[in-house]
Amino acid sequence: MLDKQHSLFVCTTCASVWQDGKRVGESKGEQLLLQLQQLAFNWELRNKFSIQGVECMSACNRSCVIAFTAEGKSTYLFGDLPDDSCASAVLKCATQYYTKPDGLLPWSERPEPLKKGILAKIPPLNKWAKLNISCC
């Protein structure tokens, strides 16, 4: 599983300022993405874990929002992250996610900013692919 590509998605519209129906200036999500990209420059997993901005992750009332995903692993969605002080904690948690074959991130092992902000844990797609359920 460690040879599979892992991704960290960062919502870039989180905590935006809006005027007349248009975004103005840099959002808190964009600031978090920039901080993560700068820290990742010296990160040991920079070539194994892509960091990508996503225009909206539909958790606007829980910004800032990020997600960890990889083939064969649970996907995690986190929100309520402080844009100015959590980038190193996010990369630490990403490292934990990467090293776990199943991607499971027990609450007690997560860095503090990622303990309270869990929005979703989505099981890996392949876990359900073998089910043959007929409906309707």
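This talk walks through one predicted model, from its overall layout to its helix packing, aromatic rings and salt bridges.

Let me start with the layout. The chain has three helices and seven strands. Read from the N terminus, the order is β-β-β-α-β-β-β-α-β-α. The chain has 136 residues, and 40% of them are buried. On contacts, take the ones between residues at least 6 apart in sequence: 65% of those join residues at least 24 apart.

Now helix 1, which covers residues 28-40.

Next, the aromatic rings. The structure holds seven aromatic pairs. I will take two of them.

One is F49 with F68. The ring centres are 6.2 Å apart and the planes stand at 85°, so this pair is edge-to-face. F49 belongs to strand 4 and F68 to strand 5, so the pair ties together parts that are 19 residues apart in sequence. Both F49 and F68 are buried.

The other is Y76 with Y97. This aromatic pair is edge-to-face as well, at 6.3 Å centre to centre and with 90° between the planes. Y76 is in strand 6 and Y97 is in helix 2, which places the partners 21 residues apart and makes this a link between distant parts of the chain. Are these two buried or exposed? Y76 has a relative accessibility of 3%, so it counts as buried. Y97 is at 0%, so it counts as buried too.

Both pairs have their residues in a cluster. Ring pairs link W43, F49, F68, Y76, F78 and Y97 into that cluster.

Staying with Y97, there is a lysine to mention. K73 lies over the face of the Y97 ring, 5.0 Å from the ring centre. Where is K73 in the chain? It is in the loop between strand 5 and strand 6. K73 counts as buried, because its relative accessibility is 1%. K73 can also be compared with Y98: the two are 25 residues apart in sequence, and their C-alpha atoms are 9.4 Å apart in space.

Side chains of opposite charge can pair when their charged atoms come close. How many salt bridges does a search of the whole structure find? The search finds three.

Take D80 and R62. Their side chains meet in a salt bridge at 2.6 Å, N to O. The two residues are 18 apart and come from distant parts of the chain: D80 is in the loop between strand 6, residues 75-78, and helix 2, residues 87-99, while R62 is in the loop between strand 4, residues 49-54, and strand 5, residues 66-70. D80 has a relative accessible area of 37%, so it is partly exposed. R62 is at 28%, and therefore counts as partly exposed.

Then E109 and K100. Here the side chains meet in a salt bridge at 2.7 Å, N to O. E109 is at 39% relative accessibility, so it counts as partly exposed. K100 is at 22%, so it also counts as partly exposed.

Finally, E112 and K115. Their salt bridge has an N to O distance of 3.7 Å. K115 sits in the loop between helix 2 and strand 7, the latter at residues 118-122. Its relative accessibility is 15%, so K115 counts as buried. What does K115 touch, leaving aside neighbours within four places in sequence? The contacts are W107, S108 and R110.

Technical notes. Residues are numbered from 1 along each chain as its sequence is written. This is a predicted model: local features need pLDDT of at least 70, side-chain atom pairs count only at pLDDT 80 or more; totals for chains, interfaces and linings use all residues. Side-chain values use heavy atoms; hydrogens and water are left out. A salt bridge is a side-chain nitrogen of Lys or Arg within 4 Å of a carboxyl oxygen of Asp or Glu. Helices (H or I, at least four residues) and strands (E, at least two) are DSSP runs, numbered from the N terminus. Buried means under 20% relative accessible area, exposed over 50%, partly exposed in between (1.4 Å probe, protein chains only). Contact means heavy atoms within 4.5 Å. The expected span of a helix is 1.5 Å times one less than its number of residues. Rings of Phe, Tyr and Trp (its six-membered ring) pair if their centres lie within 6.5 Å; planes under 30 degrees apart count as stacked, over 60 as edge-to-face and the rest as tilted. A charge sits over a ring if NZ of Lys or CZ of Arg is within 6 Å of the ring centre and within 35 degrees of the ring normal.
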